[in-house]
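Visitor: I am new to this structure and would like to learn how to read its features. Please show it to me, and then we can go through it piece by piece.

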Amino acid sequence: MIRKYRDEDADAVVASWRVASELAHPFLTTQFLDAEADAVRNVYLAFAETWVMEVDGAVVGFIAIVGNDVGGLFLDPRYHGQGLGRALMDKAVAERGSLNVEVFRENAVGRRFYDAYGFHGAEESIHESSGQVTIRMAFTPA
C-alpha cells in the first residue's frame, strides 16, 4: 500500500534509506552516510512530498518528490524485485508527470532501475558533498 508520509514514519523511512543506501552506494563512506541519514530525517523530509510503501503495516520504502525531481527512491533490499519500487515511481508519475532524477554514476542498482523504467540522459556533474559523479536523467510519460 502506498500512502502519504507521516511524521511517525521517520524512523522507518530513515532505516529503509540506510539499508538501501549501503547496498547501492558502497563507494560512500560511513561518515557520509551518517551525515546524510541525519539530513534525510531533519531536512529532506521537511520539504519533500513523500510517499511511503507499506507491506503488512510496516514502512519498507519511500519516494520523495521536490517539484518534478525525484529527491529519493529507496526500498529495503529485502523487497527488491517485487514491483514495489515501480509502484512508487508510478505514483510519482501520476502526481507529477515528467520527472528528473540524479543518480550516482557508480550506483548500479539505481541506474539499472531508472534505465528499466524509461529514464534517459547522461548529463554528468560532481556531487559537491561526496565528490562522486552523478548522472541527471529524465522521464516523460508516453
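Visitor: Where is G57 placed?
Guide: Helices (H or I, at least four residues) and strands (E, at least two) are DSSP runs, numbered from the N terminus. G57 lies in the loop between β2 and β3. This is a predicted model, in which local features need pLDDT of at least 70, side-chain atom pairs count only at pLDDT 80 or more, and totals for chains, interfaces and linings use all residues. Residues are numbered from 1 along each chain as its sequence is written, and side-chain values use heavy atoms, with hydrogens and water left out.

Visitor: Is G57 buried or exposed?
Guide: Buried means under 20% relative accessible area, exposed over 50%, and partly exposed in between (1.4 Å probe, protein chains only). G57 counts as exposed because its relative accessibility is 60%.

Visitor: What is the phi of D56?
Guide: D56 has a positive phi of about 50°, although D56 is not a glycine. Its place is in the loop between β2 (49-55) and β3 (58-66). At 80% relative accessibility, D56 is exposed.

Visitor: How do β2 and β3 run, and how many bridges join them?
Guide: Two strands pair if DSSP finds at least two bridges between them. Here seven bridges join β2 to β3, and the strands run antiparallel. V55 stands opposite A58 in β3. The two strands form a hairpin with two residues between them.

Visitor: Which strand pairs with β3 over six bridges?
Guide: That is β4 (residues 69-75), again in the antiparallel sense. A64 stands opposite G72 in β4. The hairpin of β3 and β4 has two residues between the strands, and G67 takes a positive phi near 65° there.

Visitor: Why is β3 described as largely enclosed by the rest of the structure?
Guide: Seven of the nine residues of β3 are buried, so the strand is largely enclosed.

Visitor: Which residues make the nonpolar surface patch?
Guide: Like charges are joined within 9 Å, and nonpolar side chains (Val, Leu, Ile, Met, Phe, Trp, Tyr) within 5 Å. Accessible areas come from the Shrake-Rupley method with a 1.4 Å probe; for residues, only the protein chains shown count as cover. In this model V43, Y44, F47 and V66 make a patch of about 330 Å². Its largest share, three residues, comes from helix α2 (residues 30-47). V43 is found in that helix and is partly exposed, with a relative accessible area of 41%. Y44 is also partly exposed, at 34%.

Visitor: How many aromatic pairs are found in the whole structure?
Guide: A pair of aromatic rings is described by the distance of the centres and the angle of the planes. Rings of Phe, Tyr and Trp (its six-membered ring) pair if their centres lie within 6.5 Å; planes under 30 degrees apart count as stacked, over 60 as edge-to-face and the rest as tilted. The search finds ten aromatic pairs. One of them, Y44 and F47, is edge-to-face, with 6.2 Å centre to centre and 85° between the planes. These two are three residues apart in helix α2, so about one helical turn separates them.

How values were computed. Patch = residues over 30% accessible without salt bridge, like charges linked within 9 Å, V, L, I, M, F, W, Y side chains within 5 Å. Salt bridge = Lys/Arg side-chain N within 4 Å of Asp/Glu carboxyl O.
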